[in-house]
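Hello,

Here is the structure I promised to pass along.

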Amino acid sequence: MDRRLIADGTYYVREAIEGSGEPLLVGCGGWSQRKTLYGSDSRATARMSCSIRPWTLGRFALFLCTRNGRRGIATAILEACKQAGFAAGFRRFEMTATLTGLRMYLARGYGEVERTLIPLPNGVSFPVVKLGKTIPSVEG
């Protein structure tokens, strides 16, 4: 989690009422105007926290509980991020997607920029795909 997105007011959560009657967090995500394509509080040293100019790039990050897949939750969060980023002046958006989320983004018009590996502390590398999309209008 990158708490700067919460402080920036650009992080969204989606809750659902399950059998217990209590709200349950089923998805979350946000967008950023910072240079670092992905980040978290635990990787703070790798972040570039300076802002990028509007109209260049907005950055997305989405997380979804796998048992809540295929219910439109990630799409709703992605749409909220896109609309808010567009309202802030951004026209191009990029993200780093896991392989499990790749199909959803491609189906929404995001194009593959490059595949890469993120090194993890245990020596394993995590495969991800950098995606991008230019949005000429909020409907795009």
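This is a predicted model: local features need pLDDT of at least 70, side-chain atom pairs count only at pLDDT 80 or more; totals for chains, interfaces and linings use all residues.

**Around V129**

Leaving out neighbours within four places in sequence, V129 is in contact with M95, T96, A97, L99, L102, E112, E114 and R115, where contact means heavy atoms within 4.5 Å. V129 is found in strand β6; helices (H or I, at least four residues) and strands (E, at least two) are DSSP runs, numbered from the N terminus. At 0% relative accessibility, V129 counts as buried. For that term, buried means under 20% relative accessible area, exposed over 50%, and partly exposed in between, with a 1.4 Å probe and protein chains only.

Residues are numbered from 1 along each chain as its sequence is written, and side-chain values use heavy atoms, with hydrogens and water left out.

**The overall picture**

The chain has three helices and six strands, and their order along the sequence is α-β-β-β-α-β-α-β-β. Of its 140 residues, 36% count as buried. If you take the contacts between residues at least 6 apart in sequence, 59% of them join residues at least 24 apart. The accessible surface of the chain is about 8200 Å², and 56% of this belongs to carbon and sulfur atoms; the areas come from the Shrake-Rupley method with a 1.4 Å probe, and for residues only the protein chains shown count as cover.

**The core**

Which residues touch the most other members of the largest nonpolar core? They are L78, M95, Y105, Y110 and L131, in a core of 20 residues. Two or more residues each come from β2 (23–32), α2 (73–87), β4 (92–98), α3 (102–107) and β6 (125–134), and α2 gives the most, with six. By nonpolar core I mean a set of buried Ala, Val, Leu, Ile, Met, Phe, Trp, Tyr and Cys residues joined through side-chain atoms within 4.5 Å. As background, nonpolar side chains tend to be buried together in soluble globular proteins.

L78 lies in helix α2 and is buried, with a relative accessible area of 5%. Between L78 and Y105 there are 27 residues of sequence separation and 9.2 Å in space, C-alpha to C-alpha.

β4 is mostly covered, with five of its seven residues buried. This strand pairs with β6 in the antiparallel sense over seven bridges (two strands pair if DSSP finds at least two bridges between them). Here V129 comes back into view: A97 stands opposite V129 in β6.

**Aromatic pairs**

There are two aromatic pairs, using the rule that rings of Phe, Tyr and Trp (its six-membered ring) pair if their centres lie within 6.5 Å; planes under 30 degrees apart count as stacked, over 60 as edge-to-face and the rest as tilted. W31 and F90 are edge-to-face, at 5.6 Å centre to centre with 70° between the planes. This pair links distant parts of the chain, since W31 is in strand β2 and F90 in the loop between α2 and β4, 59 residues apart. Both W31 and F90 are buried. The rings of Y105 and Y110 have centres 6.3 Å apart and planes at 80°, so they too are edge-to-face. Y105 and Y110 are likewise buried.

**Salt bridges**

The structure holds three salt bridges, each being a side-chain nitrogen of Lys or Arg within 4 Å of a carboxyl oxygen of Asp or Glu.

- K82 and E79: the closest N and O atoms are 3.2 Å apart. The two sit three residues apart in helix α2, so about one helical turn separates them. K82 is buried at 6%, whereas E79 is partly exposed at 30%.
- E94 and K130: the N to O distance is 3.6 Å. This pair links distant parts of the chain, with E94 in strand β4 and K130 in strand β6, 36 residues apart. E94 is buried at 8% relative accessibility.
- R115 and E112: the closest N and O atoms are 2.9 Å apart. R115 is exposed at 51%, and E112 is partly exposed at 40%.

Best wishes
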